[in-house]
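Dear colleague,

Please find below the structure that I am handing over to you. My notes on what was found in it follow directly after.

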Amino acid sequence: MRKTIITSIIILLSLNANAQEVTDSTATAFNDSLFQTLPEVMVTGNKPVVKVDGAKLVFDVKQLVKDKPVDNAFDALKHLPGVTPQGDDINLGGMSVALMINGKLTSMSREQVVTLLKSMPASRVQNAEVMYSAPARYQVRGALINITLEKDASMDASLQGELFAKAEVKDEAHFNERASLAFHKGIVSVDGYYSFTHGKAFQTTDKTGVHTLSNGEKHDIDTRMAIWGDKCPTHDYRLAAEFDFAPNHQLSISYSGNYKQQDHHTEMTGLQMSSMTNHIKDILHNAHLDYTLPIGLNLGADFTYYEDNIEQDLTSTLLGNNLDFVSTSQQRINRSKFFAREEHKLGKKAMVNYGMVYTHIIDHSRQNYVPTGETTVEQLPSPLFSRRTENILNIYGGGNIQLSDKLSAELSLAAEHSKTTLWDEWDIYPTLTATYMPQSGRMWQLSFTTDKKYPEFWAMQNVTSYYGGNYEHIVGNPALKPSKEFSLSLLHVLHNKYIFRGWFSHTKDYFTQTMFQARDQLVEIDKFDNFNFHQEAGLMISSPWKPAWWLDSRATVFGEWMRVKDNDYFDCPFDRNIAYAMVSANATFRFVRSHDLSLTLNGFARTKAYQGPMDLPASGNLDINLRYAFCGGNAIVNLYCNDIFRTMMITPENHWGGQNMRTKYSCYTTAGISLTYRFGGYKAKNREAVDTSRMKK
């Protein structure tokens, strides 16, 4: 019933948007209009919001979010056409998208860059460059949003800052406090950032099903896992300095750090009785150096040290079999990255670029078990002591050219050599984007791109861990390989408002984590595996609707077909395909012109989908946000309630090849309040984040 309500609300928003576009198109054309650079076309009296620049759609963010309840740079990205919020993240046109700041090549994790953008006021963002197929010079394959920030050109001294505090209740209470300071004088800019997160957490997982062994023996699975967590102080901090010697002549130095402690206690009841306590400590240090010369040369280095420590104490009983131990595990990553990039203009209509990036990684991992009680060493997994190195050399070249007033193209080619103890291979990554603008208000863009994604370091270790009790085993896969993706996309902008995108992608050696009930023992195996391939074909339509000053909305509809195949998935190979749809919409209501008071609704609904052999049921959510700005816009209060009907969390099922398992995760409504205060005309500086995407979580 709740899912039906959510779906109805969102579909109504979408239908209203489409129904009103014709009658209101003249009055609202400037809000999401596209204009051509040759010739420039705009509505008289209003600034253009978007322009086409080769492979990029360049959005004027200030104009796009004008009079909208946007408090930070990340929230501003949610208003870009084609961008869809996904919980605490976003995607572009139904696919994952990389985020970059000022086009700088640096180490960035997804979580950190989102946190970084949330700390920046939206007023600091000058524009957003959207690329559905990023050229090799960005060193990002696939879709990319590059956020460019304003620079303070004043020679006068200034000190600005921002204070932020948030309290929310989900399962338990969570708190976050942030402080940022920025100092600028002449050619020198220094900024610092500190974030403090703390609180408690609680979640449950209920599993029901039947586990059938190869000898025909059946076991009813009915377990409940409850986890209590203390989010002990988590500290994020950064100090950076920039020296602008002259135009296009800059030196940047920065240091980032993170320190986190967590304590988790897990209780299992039902088929197995378990008690487990985890003590977790993470440490991160990163130093970054970036030097840009007026001749177009960019040199840099990046050094990262990451350490993850876990101590686990487990007591578990499964069908009379006891398992008691204390284990310790550690992952230490040392990563060094060096890069050089160069760009040259060839006349007024062409540009060439080339460069190289070298990355050296050392992964030290260990895990050891000490039996307690009646458990013996033979009952426990073997200890792990591993040291692996990884070297990646990427060399690229490319260019863009304006072939005519209506046609432009950008082509790049990258050659990458990756070598580890597991693989040693060369890969070629061609990227092509052709943009055609037959007339004002219309644009076609054809893109072809290739990509390679590497699995997490810990997922490739020959190691077994326990999650909850003796029944759930997390197993590493030393044979895990990177995936390789080929994607073709066609983008069309109609009447300066409507955005259509069609795409097809094929991913070889696609990897993901699945759960499998073993045939030879009463054990559930959670493991990353490579599938033969994963294919997608889809269509996206995005449409804005702004009938009056008090309402601003957008609806996006996705339709997608997917196919996934694995001939070597345990003893039950699969070849599955399904078509599914998703609708997302947002609407902002302003109450009075004279006061910055607004209400925003965000929601989405998705039909059933697959993840390998697992069935993912339909899901959706509805969020509401009340915002009030005062003190000249320097103080902002947000009251919010997310996932009002508790429909966001799905309950996956697996009934493939004799499997019989249903996993229900707890789902809670989140309610909270936040206060932001800026002083001194605060303008946050560029703070690059550190890539921890392949490190142990």
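Are Phe531 and Tyr569 buried or exposed? Both Phe531 and Tyr569 are buried, where buried means under 20% relative accessible area, exposed over 50%, and partly exposed in between (1.4 Å probe, protein chains only).

Before the details, a note on the source. This is a predicted model, in which local features need pLDDT of at least 70, side-chain atom pairs count only at pLDDT 80 or more, and totals for chains, interfaces and linings use all residues. Residues are numbered from 1 along each chain as its sequence is written, and side-chain values use heavy atoms, with hydrogens and water left out.

Overall picture

The protein chain contains four helices and 38 strands; these are DSSP runs, numbered from the N terminus, with helices (H or I) of at least four residues and strands (E) of at least two. Of its 697 residues, 53% count as buried. Taking contacts (heavy atoms within 4.5 Å) between residues at least 6 apart in sequence, 65% join residues at least 24 apart.

Aromatic rings

The structure has 16 aromatic pairs. Rings of Phe, Tyr and Trp (its six-membered ring) pair if their centres lie within 6.5 Å; planes under 30 degrees apart count as stacked, over 60 as edge-to-face and the rest as tilted. One of the pairs is Phe202 with Trp228, which is tilted, at 5.4 Å centre to centre and 45 degrees between the planes. This pair links distant parts of the chain, since Phe202 belongs to strand E11 (residues 188–212) and Trp228 to strand E12 (residues 218–246), 26 residues apart. Phe202 is partly exposed, at 22% relative accessibility, and Trp228 is also partly exposed, at 39%.

Phe531 and Tyr569 form an edge-to-face pair, with 6.4 Å centre to centre and 85 degrees between the planes. Here too distant parts of the chain are linked: Phe531 is in the loop between strands E27 (524–530) and E28 (533–548), and Tyr569 in the loop between strands E29 (551–566) and E30 (574–590), 38 residues apart. Phe531 and Tyr569 belong to one aromatic cluster together with Tyr510, Phe516, Phe570 and Phe574.

Charges over rings

A charge sits over a ring if NZ of Lys or CZ of Arg is within 6 Å of the ring centre and within 35 degrees of the ring normal. Arg141 lies over the face of Tyr429, 4.0 Å from the ring centre, and Arg178 over the face of Phe164, at 3.9 Å.

Yours sincerely,
A colleague
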